[in-house]
Amino acid sequence: RNQAERAEAERAAAELSGITLTLSGKAGEEGKLFGSITAQDIASALAAQGHQVDRRRIELEHPIRTVGSHTVGVRVHPEVHAEVRVSVVGE
């Protein structure tokens, strides 16, 4: 049973690793966001693409506060991790 769960988690991780999310927020001239991109924002964007991920499984030490490309870890299974690319653009 444990091997089946891990195989399913690895399949899900492979799907997530190919995803690049584009999120936008109001930004100042220096590329700093007035708000921030949180784990909940990332989970909502993944859900919109058909990937249900609990926000608590998104490994984001601090909310994203700058424009640009960021790599965010997702804990799919205790032994399986995926990385999702998040591109933040200013409005």
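## A first look

Does His77 count as buried or exposed? With a relative accessibility of 11%, His77 counts as buried, because buried means under 20% relative accessible area, while exposed means over 50% and partly exposed lies in between (1.4 Å probe, protein chains only).

Before going further, a word on the source. This is a predicted model, in which local features need pLDDT of at least 70 and side-chain atom pairs count only at pLDDT 80 or more, while totals for chains, interfaces and linings use all residues. Residues are numbered from 1 along each chain as its sequence is written, and side-chain values use heavy atoms, with hydrogens and water left out.

## The chain as a whole

The protein chain has 2 helices and 6 strands, arranged along the sequence as α-β-β-α-β-β-β-β. Here helices (H or I, at least four residues) and strands (E, at least two) are DSSP runs, numbered from the N terminus. The C-alpha trace spans about 50 × 20 × 15 Å along its principal axes.

Of the 91 residues in the protein chain, 33% count as buried.

Two strands pair if DSSP finds at least two bridges between them.

Strands β1 and β6 run parallel and are joined by 6 bridges, with Ser24 standing opposite Val89 in β6. Next, β5 and β6 run antiparallel and are joined by 9 bridges; a hairpin of 2 residues also connects β5 to β6. Finally, strand β3 (residues 58-59) pairs with β5 in the antiparallel sense over 2 bridges, and Glu59 has Gly73 as its bridge partner in β5.

## The core

A nonpolar core is a set of buried Ala, Val, Leu, Ile, Met, Phe, Trp, Tyr and Cys residues joined through side-chain atoms within 4.5 Å. The largest one here has 24 residues, and those with the most contacts inside it are Leu16, Leu21, Ile42, Ile58 and Val86. Two or more residues each come from α1 (2-17), β1 (20-25), β2 (32-37), α2 (39-48), β5 (68-77) and β6.

Val86 itself touches Leu21, Leu23, Ile42, Ile64, Gly68, Ser69, His70 and Val72, leaving out residues up to four places away in sequence.

## Two residues up close

Val88 is part of strand β6 (residues 80-90) and counts as buried, at 2% relative accessibility. Gly68 stands opposite Val88 in β6. Beyond residues up to four places away in sequence, Val88 touches several others, including Leu23, Leu33, Ile37 and Ile64. Ala39 is 49 residues from Val88 in sequence and 13 Å away in space, C-alpha to C-alpha.

His77, the residue we began with, has its place in strand β5. Which residues is His77 in contact with, leaving aside its neighbours within four places in sequence? They are Asn2, Glu5, Arg6, Ala9 and Arg57.

Technical notes
Contact = heavy atoms within 4.5 Å.
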